[in-house]
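Colleague: I am new to this structure and would like to go through it with you step by step. Could we take it as a series of questions?

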Amino acid sequence: MQQKIPLATARRLPLYYRFLMNLHNKGKARVSSQELSEAVKVDSATIRRDFSYFGALGKKGYGYNVEYLLAFFNKTLEQDEVTEVALVGVGNLGTAFLNYNFMGSNNTKIAMAFDHSKAKSGSFVGDVPIYHNDEMKERLNGIEVAILTVPASAAQEMANKLIESGIKGILNFTPARLTIPDDVRIHHIDLSVELQSFVYFLKNYPLDEK
């Protein structure tokens, strides 16, 4: 992206892109901010503000040209470039990620996986090769993003090892809160916390109260 935009806006861009791709596949030529709003569950004023960071993407009274928007976001989100990521920890969750491997996405794929088990080294899950943790520095070779699915007790050690091997971004699926350098980005996804939060809102904020 050429200009700095709010983080919240940046997080919504893939959502807009996915919906626009669905519209394009259905042959729809244009879409209004209201239609986008109803589909992605983001209010239309927010959508218009998000789009305004990129200049005049639509016309008042007409809406947005689907093909033009799709091409624009394709370039903005660098959909033409494949981002290879690594996965560390081939347990149940890690194996599920490897089997899924971002099916339907043309720009992201897990290229390799690492595990502490020597028995798993040299094997494959799907078409993804598994290597021993000790091979990280040798194998990563320019990959800058990693998914961490190891036990919490091993998370900091593996994060350190990844960073030493050149990783610049970690998607952390462990409950551990990791200490990392300022030049490395990390995103924590604790599934148990997400589920607890979801159940709380389900019980305390019924949909009919909207």
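Colleague: Is strand β7 largely enclosed by the rest of the structure or left open, and how many of its residues are buried?

Modeller: Please keep in mind that this is a predicted model. V128, I130 and H132 point one way from β7, whereas P129 and Y131 point the other way, and all are buried. Strand β7 is therefore largely enclosed by the rest of the structure, and the number of its residues that are buried is 5 of the 5.

Colleague: In what order do the strands of the sheet lie?

Modeller: On one side of β7 lies β6, which pairs with it in the antiparallel sense over 2 bridges, while β5 (residues 108–115) is joined to β7 by 3 bridges and runs parallel to it. The sheet is open, holds 7 strands with mixed pairing, and has the order β6-β7-β5-β4-β8-β9-β10.

Colleague: Which strands stand at the edges of that sheet?

Modeller: An edge strand here has a single partner strand, so one side of it is left without a neighbour in the sheet. The two strands for which this holds are β6 (124–125) and β10 (185–188).

Colleague: Which helix packs on the sheet, and what angle does its direction make with that of β8?

Modeller: The helix is α7 (residues 152–164), and the strands that it touches are β4 (83–88), β8 and β9 (169–172). The direction of α7 makes an angle with that of β8 of about 170 degrees.

Colleague: Which residue of β7 stands opposite D115?

Modeller: The pairing to consider is that of β5 with β7, which run parallel and are joined by 3 bridges. The residue of β7 that stands opposite D115 is H132.

Colleague: Are helices α1 and α4 oblique to each other or roughly parallel?

Modeller: Helix α1 (residues 7–25) and helix α4 (residues 66–76) pack with their axes 9 Å apart and at an angle of about 140 degrees. Angles over 145 degrees would count as roughly antiparallel, and the crossing of the two helices is left-handed. The relation of α1 to α4 is therefore oblique.

Colleague: How many of the residues in the contact of α1 with α4 are nonpolar?

Modeller: From α1 the contact includes L13, Y17 and L20, and from α4 it includes V66, L69 and F73. The residues of this contact divide into 3 polar, 1 charged and, as the number you asked for, 9 nonpolar.

Colleague: Is T9 buried or exposed?

Modeller: T9 is found in helix α1, and, leaving aside its neighbours within four places in sequence, it is in contact with D50 and Y53. Its relative accessible area is 2%, and since buried means under 20%, T9 is buried.

How values were computed. Residues numbered from 1 in each chain as written. Predicted model: local features only at pLDDT ≥ 70, side-chain atom pairs only at ≥ 80, totals over all residues. Heavy atoms only, no water. Axes fitted to C-alpha atoms, helices over the stretch in contact; angles between N-to-C directions. Helix = DSSP H or I, 4+ residues; strand = E, 2+ residues; numbered from the N terminus. Parallel < 35°, antiparallel > 145°, perpendicular 65-115°, else oblique. Left-handed = near helix turned anticlockwise from the far one by under 90°. Contact = heavy atoms within 4.5 Å. Nonpolar A, V, L, I, M, F, W, Y, C, P; charged D, E, K, R; others polar. Pairing = 2+ DSSP bridges. Buried < 20%, exposed > 50% of the residue type's maximum accessible area, 1.4 Å probe, protein only.
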